[in-house]
Amino acid sequence: PSAPDEALVSSLLEPLERPVQEALRALFAAGKLSPSDLSPPVIKSLSSFDAPSAIHILETFARKETTTIYNKSGFIIGMMKRFKQQAEPSPKVELKPDWASLKEISKIRCNRDTLQRWLNETEFEALVTGCVVRVLVGDLNGIRIFRLCVVGGFQDGELYKFGKARTTKQLICKWGNMSKPFKMVYISNGDLSEDEFNDWLLQMEASNMEPLTKADVAKKIKKFKTFVSSRDTNAANATAAAD
């Protein structure tokens with residue numbers, strides 16, 4: 001590809017401090033980024049950081065395997081948001097009376113072990129869609145970043161190992177109005193935290209979307225109970241037939 005026009009690059013980077021401009025030029029030279037990857041919101045957000053913080057974010061990005069990142073602009077914006085979240089505690093969202101609490105939504109959470117156990121069930125996709133999962137979305141400063149997401153459905157991808165099985169199934173994980181497919185190996189067995197729950201509520205609020213309600217949770221729990229009852233009945237019938 002041809003070299004970017006220097007005048008355009010200089011104009012693009014003008015709002016940034018000189019050391020930050022140099023860090024970005026180094027990323028351009030290394031092929032990690034191109035000027036076309038930097039949307040105006042990225043430049044605006046970077047300019048809001050002091051130079052050491054902005055450079056730290058860019059150096060962290062430089063260590064990533066960027067060939068698998070489809071939207072580098074969005075990825076960097078996400079990194080900057082997480083950096084700010086670590087530096088500044090998020091405002092606490094006050095639950096409305098009909099919204100489900102963290103304890104309540106945890107009752108419809110699927111962890112990695114549960115997904116492995118249910119994978120071969122005929123109702124697997126129907127059971128898991130609408131459940132809550134804790135997804136590993138990346139790391140920042142060596143700290144793994146998890147998000148509370150709602151499973152919006154499934155899509156097929158490349159074949160991968162999942163526990164003792166192999167599958168092409170990927171969860172479509174919804175975080176407010178954002179969604180992305182994840183292999184199930186990225187679903188955590190760890191408990192949801194209050195901060196992850198609050199960040200999810202903030203994202204739902206920013207997306208003008210209603211969080212899960214107590215009624216949503218009750219409906220999903222009923223689905224679980226119906227599945228367990230049906231499975232137990234089928235197992236009992238199979239045992240009786242064998243006798």
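Two strands are taken to pair if DSSP finds at least two bridges between them. Helices (H or I, at least four residues) and strands (E, at least two) are themselves DSSP runs, numbered from the N terminus. The structure described here is a predicted model, in which local features need pLDDT of at least 70, side-chain atom pairs count only at pLDDT 80 or more, and totals for chains, interfaces and linings use all residues. Residues are numbered from 1 along each chain as its sequence is written, and side-chain values use heavy atoms, with hydrogens and water left out.

The pairing of β3 with β4 is considered first. These strands run antiparallel and are joined by six bridges. Within the pair, Lys-174 stands opposite Ser-179 of β4, and Trp-175 has Met-178, also in β4, as its bridge partner. The hairpin formed by β3 and β4 has two residues between the strands, and Gly-176 in this hairpin adopts a positive phi near 65°.

A positive phi is also found at Asn-208, a residue other than glycine, where the value is near 55°. Most residues other than glycine have a negative phi. Asn-208 is located in the loop between α9 (194–206) and α10 (214–242). With a relative accessible area of 74%, Asn-208 is exposed; here buried means under 20% relative accessible area, exposed over 50%, and partly exposed in between (1.4 Å probe, protein chains only).

The empty space of the model was examined next. Rolling a probe the size of a water molecule over the atoms shows where empty space is left. On a 1 Å grid over the protein atoms alone, a pocket is an open set of points with protein on both sides within 12 Å along at least five of seven lines, whereas a cavity is a set of points where a 1.4 Å probe fits but cannot get out; lining residues have an atom within 4 Å of a point. Grid points are joined across faces, edges and corners, and a volume is the space filled by probe spheres set on the points.

The largest pocket has a volume of about 1400 Å³. It is lined by 31 residues, of which Thr-68, Phe-75, Val-137, Lys-180 and Phe-182 are the closest to its centre. Two or more lining residues come from each of α5 (72–87), β1 (132–140), β2 (143–162), β3 (165–175) and β4 (178–183). The element that gives the most to this lining is α5, with seven residues. By class, the lining of the largest pocket comprises 14 nonpolar, nine polar and eight charged residues. In this division, Ala, Val, Leu, Ile, Met, Phe, Trp, Tyr, Cys and Pro count as nonpolar, Asp, Glu, Lys and Arg as charged, and the others, Gly among them, as polar.

Val-137 belongs to strand β1. Its relative accessible area of 23% makes Val-137 partly exposed. Val-137 and Arg-147 are 10 residues apart along the chain, and their C-alpha atoms are separated by 6.8 Å.

The structure holds zero disulfides. The cysteine sulfur closest to that of Cys-131 is in Cys-110, at 3.7 Å, which is too far for a bond. Cys-131 is buried, at a relative accessible area of 0%. Cys-110, in the loop between α6 (102–105) and α7 (112–118), is likewise buried, with 0% relative accessibility. Between Cys-110 and Gly-130, 20 residues apart in sequence, the C-alpha to C-alpha separation is 10 Å. Cys-149 is in no disulfide either, as the nearest cysteine sulfur, in Cys-173, is 5.1 Å away. Cys-149 counts as buried, at 3% relative accessibility.

Burial was also examined in the helices. In helix α3 (residues 40–47), Val-42, Ile-43 and Leu-46 are buried. Viewed down the axis of α3, the buried residues fall within an arc of 95°, so they line one face of the helix; the arc is that of the directions from the helix axis to the C-beta atoms. Pro-40 and Lys-44 are exposed residues on the face of α3 turned away from its buried side.

Helix α2 (residues 18–30) contains Leu-27, which counts as buried at 5% relative accessibility. The C-alpha atoms of Leu-27 and Ala-62 are separated by 7.0 Å, although these residues are 35 apart along the chain. Ala-126, in helix α8 (residues 124–128), is partly exposed, with a relative accessible area of 40%. Ala-126 and Glu-205 are 79 residues apart in sequence, and 27 Å separates them in space, C-alpha to C-alpha.

Terms used:
A disulfide is a pair of cysteine sulfur atoms within 2.5 Å.
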